Amino acid sequence: MPPRLPLKGFLAAARSALTAPPAQRSGPLTLVVGNESAAVVLAYIRSNTPPNTLHIPLSNIPRSELVLRTEMTAVLQHAGLAPADILTLSELPDLEPEDTQWFLVDHNALTGRLRKFQPRVIGCIDHHVDEKVTSLDVKPRIIEPCGSCMSLIIDESRAAWDAFPAPETEEDAAVEDGNLAKLAFAPILIDTLDLKEQHKVKEKDVVAAEYLRGKMRPQHFSQPQFFGEITAVKEDISQLRFYDIFRKDYKEWDESGLRLGISCIVQNFDYLLEKAGQPSVFIDELASWADERKLDVASVMTTSNPGGEFQRHLLVWGVTDRGVAAVSNFLGIAGELQLEQWRGGLLDGGDGKRKAWRQKDLSSSRKQVAPLLREALKTVGGASQSQL
């Protein structure tokens, strides 16, 4: 069995394999694509599992956006890594589908420039709504509700991790296991608010957290301190311009000829309006973002803890005529979100195209709201097609 590489060495080997000339490849490249920590953890474990096929972790964003993941930089430091060690879409060469095979983490359908590789997907681990695009024949194909996708990855991979070949010394093993465990533990804590968001936490989150704690030396790790540090970094958007705030945690979908974009922000509307100075400035910034992304519907979702009370705010804006129709449809199916007008309509558009609410259903994050909005778009798009 080949020796186990340290995390930094593994990422260097992955970079070399990804950028090597085609003539030097012995077969198709195996890429694990998704959020940074999930891709790295799963790729590292599978690369160290017989037959030891190198899995290349790929962050599903361009490098220019990696700098916005400030919490990821903090997590990487705990694991002895830096953003420069991470591979992104910017480093992905022009590959033919047949020269690749793909493993998806934290999403279950390839989009954008990666859509052409969908037939080459060989595995998937995700906690979002099943897009029903990835073949039912791929193994593993784990798509189920969970507080964090990382918990599903650990559940699937813990036996392989426990069977790792030993490094040179027990001290090396403890360091490497601790680094990998910190990289895996961080998203579980972030996604579940330190395992305290009861409506979101599943048994696999609790079991995965216990397993990862066992991989770290207690004298070198404090969970409250770890979570507090990462959260503080994540929630500090004071130095970011609105353009970067909107794209920091952004996802986009094309549905029936319409485009939806949702920005998740870790501060509430009160904070954003204070930063803007007045509501019109915030609205103009969002309009510019929607125009750049050519959105039919733009949405902003926020999470915050004013006075220790967890809150969600939601804004939905029909930017185009068909987008307005989609927003109207959304209002008819969004009862489960328990929406209450925010601040007497301070951010609402007088024409009814834009509405902002306090979302009293705290269990619904983007994983639940996006499918509702996409269904609203689908209805409008389907109706438009039927009229042709």
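In this predicted model, Cys264 comes out as buried, at 18% relative accessibility. The sulfur of Cys264 has its closest cysteine counterpart in Cys149, but the 16 Å between them is too far for a bond. With a disulfide taken as two cysteine sulfurs within 2.5 Å, the tally for the model is zero. Cys146 is likewise in no disulfide, and its nearest cysteine sulfur, again that of Cys149, sits 8.3 Å away. Cys146 counts as buried too, with 4% relative accessibility.

Next, the sheets. Five strands make up an open sheet, ordered β2-β1-β3-β4-β5 and paired in parallel. The two edge positions go to β2 (55–59) and β5 (141–143); each has a single partner strand, so one side of each is left without a neighbour in the sheet. From one strand to the next, the twist averages 25°. At the β5 end, strand β4 (residues 121–126) runs parallel to β5 and is joined to it by three bridges, with Cys124 standing opposite Arg141 of β5.

Helices lie across this sheet. Helix α1 (residues 7–19) lies across β1 (29–34) and β2, and runs at about 90° to β2. Helix α5 (residues 149–162) lies across β3 (100–105), β4 and β5, and its direction is at about 120° to β4.

Helix α5 also pairs up with helix α2 (residues 36–47): their axes come within 10 Å and cross at roughly 15°. Angles under 35 degrees count as roughly parallel, and α2 and α5 therefore fall into that class. The crossing of these two helices is left-handed. On the α2 side the contact is made by Ser37, Ala38, Val41, Leu42 and Ile45, and on the α5 side by Met150, Ile153, Ile154, Ser157, Ala160 and Trp161.

Leaving aside residues up to four places away in sequence, Tyr211 touches Ile154, Arg158, Trp161 and Asp162. Among these, Ile154 and Trp161 are also part of the contact between α2 and α5. Tyr211 is buried, with a relative accessible area of 9%. Between Tyr211 and Pro50 there are 161 residues in sequence and 22 Å in space, going from C-alpha to C-alpha.

Strand β7 (residues 258–265) runs parallel to β8, and six bridges join the two; here Ser263 stands opposite Val300. With strand β9 (residues 311–318), β8 pairs in the antiparallel sense, over eight bridges. One of the bridge pairs is Thr303 with Arg312 of β9. Strands β8 and β9 form a hairpin with six residues between them, and Gly307, in the turn, has a positive phi of about 65°.

As a rule, most residues other than glycine have a negative phi, and most peptide bonds are trans. Against that background, a cis peptide bond joins Pro50 and Pro51, with omega at about 10°. Pro51 belongs to the loop between α2 and β2. A cis bond also links Lys139 to Pro140, where omega is about -5°, and Pro140 lies in the loop between β4 and β5.

Gln338 has a phi of about 55° and sits in the loop between α12 (321–333) and β10 (339–341). At 45% relative accessibility, Gln338 counts as partly exposed. Arg343 has a phi of about 50° and lies in the loop between β10 and β11 (354–359). With a relative accessible area of 54%, Arg343 is exposed.

One more loop residue deserves a mention. Pro119, in the loop between β3 and β4, is exposed, and its relative accessible area is 72%. Pro119 and Thr134 are 15 residues apart in sequence, while their C-alpha atoms are 8.0 Å apart in space.

Key
Residues are numbered from 1 along each chain as its sequence is written. This is a predicted model: local features need pLDDT of at least 70, side-chain atom pairs count only at pLDDT 80 or more; totals for chains, interfaces and linings use all residues. Side-chain values use heavy atoms; hydrogens and water are left out. Two strands pair if DSSP finds at least two bridges between them. Helices (H or I, at least four residues) and strands (E, at least two) are DSSP runs, numbered from the N terminus. Axes are lines fitted to C-alpha atoms, for helices over the stretch in contact, and angles run from 0 to 180 degrees between N-to-C directions. Contact means heavy atoms within 4.5 Å. Buried means under 20% relative accessible area, exposed over 50%, partly exposed in between (1.4 Å probe, protein chains only). Angles under 35 degrees count as roughly parallel, over 145 as roughly antiparallel, 65 to 115 as roughly perpendicular and the rest as oblique. A crossing is left-handed if the near helix is turned anticlockwise from the far one by less than a right angle, and right-handed if clockwise.
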